[in-house]
Protein chains: 2
Amino acid sequence: MPRVGLNQQTVVREAARLADEVGFQQLTLAALASRLGVALPSLYKHVRGADALAQKLAALATAELATEMTTAAVGRSGGDALRAMADAYRDYALRHPGRYPATQRVPDPADPEHVEAGERAVGAIFAVLRGYGLTGDDAVDATRALRSALHGFVTLEAAGGFGLPRDVDRSYHQLVASMDISFRSWPRTGG
Amino acid sequence: MPRVGLNQQTVVREAARLADEVGFQQLTLAALASRLGVALPSLYKHVRGADALAQKLAALATAELATEMTTAAVGRSGGDALRAMADAYRDYALRHPGRYPATQRVPDPADPEHVEAGERAVGAIFAVLRGYGLTGDDAVDATRALRSALHGFVTLEAAGGFGLPRDVDRSYHQLVASMDISFRSWPRTGG
DNA sequence: CTTTAAAGCTAAGCTACTTAGCCAACGTTG
DNA sequence: CAACGTTGGCTAAGTAGCTTAGCTTTAAAG
């Protein structure tokens, strides 16, 4: 039995590719093993099991998403930064339909890279909101609002939840424009 | 073997209760059968299988949610209606953590009750937005925005995605207040 | 060359879903 | 009230997926 030469990184990366092809829910250890050319139990030499694989995939996807969000906002501010970041967010979800759902897993405190990736993603949003003068409790509320809007939209879109023929790109831009208006006149609490 | 006297409705209703207790993902035919006091394969006399059960549960939950949204908005308009409906939406998701995820399934065209329930839910949002003077393409965009915001928020909340200590109720109210502002100054397209 | 850690394997068992086919309870009808 | 047919229950058996145990062989290190 010649060795294939796997390690945790190769396994997780291939899982990410496979998930994008077949969907996050359809990502199975059997399919992954066959794709990597090994028997299923061999995967256990590299990941603790199906749940641990999902967690590592979450860490990978969250890191990628955080990077794309940060990159998009660099050198911009205000509505410009908001639009660029929102577009990057949705682009990532559309380009990586299998990885995106993984990013919703709450970071595992035992995985520093995962925690750091989550902080980077939230931090990117925080930075954009600072450009609107939002800080403290207001920034927390606004961050939750923005995350909710973006996540909700791409989730509904991916689920096929937008039945009507109206152009989805346009609806997304309108949503982002409305968030821009909201942030400029955010109902302040003085936090 | 004395008969238990099940039918599709009893099975689906019990599935809904069970889902709220253990979670939508943990809803299993085995657990449901044991709860109903029958052997697992007996369920197949009432539902076509696990996927069909999930679909029927989706129809039930969507109908319940649509009713609560509609009821909440009755006799109100504008921001008043928006707040009442949004509160009803989140209340439902919090009271029924197992049913709520089921509502995200796109209605089965072969199930008229499911289709009708979906139309009622979207119609309820449409009606509220008409109070803001939003119609046509603007109403479609605004409906998608509102659905995205509400769905995204309750989904992130249920997933434990809001790590910071800031009060979640308050964040939700701020989100709804910001949507109110958005709808009043919606970036019109003239649709 | 020997030794050893680790990467692969097979075998076996678990849970969950599904299908097939049997039997008994119940409602209907003569 | 007896016979009958429908149907709701059952057991048995097969599939897919995850996991553990324990063996073998590769390949690197001494």
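Modeller: Buried means under 20% relative accessible area, exposed over 50%, and partly exposed in between, using a 1.4 Å probe and protein chains only. This is a predicted model, in which local features need pLDDT of at least 70, side-chain atom pairs count only at pLDDT 80 or more, and totals for chains, interfaces and linings use all residues; side-chain values use heavy atoms, with hydrogens and water left out. Residues are numbered from 1 along each chain as its sequence is written, while chains are lettered from A and ligands numbered from 1 in the order in which they are written.

A salt bridge is a side-chain nitrogen of Lys or Arg within 4 Å of a carboxyl oxygen of Asp or Glu. Over all chains, the whole structure holds 32 of them.

Take Arg99(A) and Asp20(A). Their closest N and O atoms are 2.7 Å apart. Arg99(A) sits in the loop between helix 4 (78-95) and helix 5 (112-130) of chain A, and Asp20(A) in helix 1 (residues 8-22), so the bridge ties together parts 79 residues apart in sequence. Helices are DSSP runs (H or I, at least four residues), numbered from the N terminus. Both partners, Arg99(A) and Asp20(A), are buried.

Now chain B. Arg17(B) bridges to Glu14(B) at 2.2 Å between the closest N and O atoms. They are 3 residues apart in helix 1 (residues 8-22) of chain B, about one helical turn. Arg17(B) is partly exposed at 42%; Glu14(B) is buried at 12%.

Asp80(B) and Arg76(B) pair at 3.9 Å, N to O. Asp80(B) is partly exposed at 39% relative accessible area, and Arg76(B) is partly exposed at 44%.

Back in chain A, shared partners link Glu14(A), Arg17(A), Glu21(A) and Arg35(A) into one salt-bridge network.

Terms used:
Helix = DSSP H or I, 4+ residues; strand = E, 2+ residues; numbered from the N terminus.
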